[in-house]
Every structure is written in structure tokens, then in C-alpha cells.
Amino acid sequence: MSYYEKVYALARRIPPGRAATYGQLALMTGSPRASRVVGGAMAACSDPTVPCHRVLGKGGVLREGAFSPGVQRSLLEAEGVPFTPDGRVEKMHLDVVIPVLHGLWGEDGTVQGLLELAGIAYVGCGVLASS
């Protein structure tokens with residue numbers, strides 16, 4: 001499976017009414033510094049089964065390179081995605097996170113530490129128990 005195919009498979013898993021950033025998809029592929037490659041994959045995508053409109057730039061910025069002006073926003077609004085007054089996709093508010101982590105990016109307490117710094121409640125082991 002090529003890297004682009006991995007990105008498309010992840011993009012297909014974004015449910016209607018939700019969005020993800022290039023950086024989030026890059027992290028989920030195991031290549032956390034490949035957000036530009038993810039952006040390239042989205043721009044090159046011609047498969048109608050891939051919801052490219054649900055993949056955004058950093059900070060929820062719309063990247064309409066593959067769309068006519070206003071199309072990406074219209075598609076997201078039709079799915080119920082909220083926008084800020086400056087045109088960015090509004091950040092999702094979390095009540096609690098249930099981290100299910102394994103491997104290089106999950107067992108050293110890093111994710112739990114980030115959640116603690118952000119003041120987001122989570123279920124499971126704390127930083128010290130994870131490291």
C-alpha cells in the first residue's frame with residue numbers, strides 16, 4: 001500500500017460532521033512530520049469515495065486547492081461542521097479522552113502528558129504509570 005493510499009484510507013474513516021488536519025492524518029500514518037505530503041495526497045486525489053473536503057490545514061484552515069471557491073465550506077456546513085467568525089473550522093470540544101495506545105507513540109506517557117497540559121480529562125493510566 002502506498003503512502004497516499006494509507007492517507008486515503010484514513011480520510012475515508014472521518015465521519016460526516018467531523019474534520020481532521022493534514023498533521024493529524026500524518027501522525028496517524030506513523031509519519032508525524034509528513035503533513036505536506038498528506039496535503040499533496042489530498043490535492044492529487046480524484047477518487048470520489050475519499051472525503052477530501054473533511055481534511056483541513058493547520059488550525060482548521062480551509063484548503064480549497066482541489067475545490068472551486070466556497071465548495072469545501074459548503075460541503076462541511078451541509079454536514080453540520082461549525083465555523084468560527086474568521087472562517088476556520090471550530091475546534092471540537094472534548095469532555096473526556098479514552099486513549100487506546102500501543103507502540104512507539106503511545107506507551108511513554110507523552111499523550112497523557114499533553115492531555116494533562118491541555119486540561120483535558122482522560123481515562124486510564126497517568127503519565128508516571130505509562131512511562
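## Basis of the description

The model is a predicted one, in which local features need pLDDT of at least 70 and side-chain atom pairs count only at pLDDT 80 or more, whereas totals for chains, interfaces and linings use all residues. Residues are numbered from 1 along each chain as its sequence is written, and side-chain values use heavy atoms, with hydrogens and water left out.

## Overall architecture

The protein chain contains six helices and two strands, where helices (H or I, at least four residues) and strands (E, at least two) are DSSP runs numbered from the N terminus. Read along the sequence, these elements follow the pattern α-β-α-α-β-α-α-α.

Of the 131 residues in the protein chain, 31% are buried; here buried means under 20% relative accessible area, exposed means over 50%, and partly exposed lies in between, with a 1.4 Å probe and protein chains only. The accessible surface of the protein chain comes to about 8400 Å², and carbon and sulfur atoms hold 58% of that surface (areas come from the Shrake-Rupley method with a 1.4 Å probe, and for residues only the protein chains shown count as cover). Among contacts in the protein chain with a separation of 6 or more, 48% are between residues 24 or more positions apart, a contact being heavy atoms within 4.5 Å.

## Helix α1 and its buried side

Helix α1 spans residues 3–12, and its buried residues are Val 7, Tyr 8, Leu 10 and Ala 11. These four cover an arc of only 160° around the axis, which puts them on the same side of α1; the arc is that of the directions from the helix axis to the C-beta atoms. The cover over the buried residues of α1 includes α2 (22–28), α3 (35–44) and β2 (55–56).

## How α1 meets α3

Two packed helices are described by the angle between their axes and the distance between the axes. The axes of α1 and α3 come within 10 Å and cross at roughly 80°, where axes are lines fitted to C-alpha atoms, for helices over the stretch in contact, and angles run from 0 to 180 degrees between N-to-C directions.

On the α1 side, the contact is made by Tyr 3, Tyr 4, Val 7, Tyr 8 and Ala 11, and on the α3 side by Val 37, Val 38, Gly 40, Ala 41, Met 42 and Ala 44. By class, the contact of α1 with α3 has 10 nonpolar residues, one polar residue and no charged residues; Ala, Val, Leu, Ile, Met, Phe, Trp, Tyr, Cys and Pro count as nonpolar, Asp, Glu, Lys and Arg as charged, and the others, Gly among them, as polar.

## The two faces of α3

The buried residues of α3 are Val 38, Gly 39, Ala 41 and Met 42. They cover an arc of only 160° around the axis, which puts them on the same side of α3, while the face of α3 turned away from its buried side carries the exposed residues Arg 36 and Ala 43. What covers the buried residues of α3 includes α1, α2 and β2.

## Strand β1

Ala 20 is found in strand β1, which is made of residues 20–21, and at 7% relative accessibility Ala 20 counts as buried. Leaving aside neighbours within four places in sequence, Ala 20 is in contact with Ile 14, Leu 25, Arg 54, Val 55 and Leu 56. The C-alpha atoms of Ala 20 and Gly 60 are separated by 8.0 Å, although these residues are 40 residues apart along the chain.

Thr 21 also lies in strand β1 and, at 17% relative accessibility, counts as buried. Not counting residues up to four places away in sequence, Thr 21 touches Val 55, Leu 56, Gly 57 and Gly 60.

## Two loop residues

Glu 64 lies in the loop between β2 and α4 (71–78), and its 24% relative accessibility makes it partly exposed. Beyond its neighbours within four places in sequence, Glu 64 is in contact with Pro 69, Gly 70, Val 71, Gln 72 and Arg 73.

Arg 33 lies in the loop between α2 and α3, and at 82% relative accessibility Arg 33 counts as exposed.
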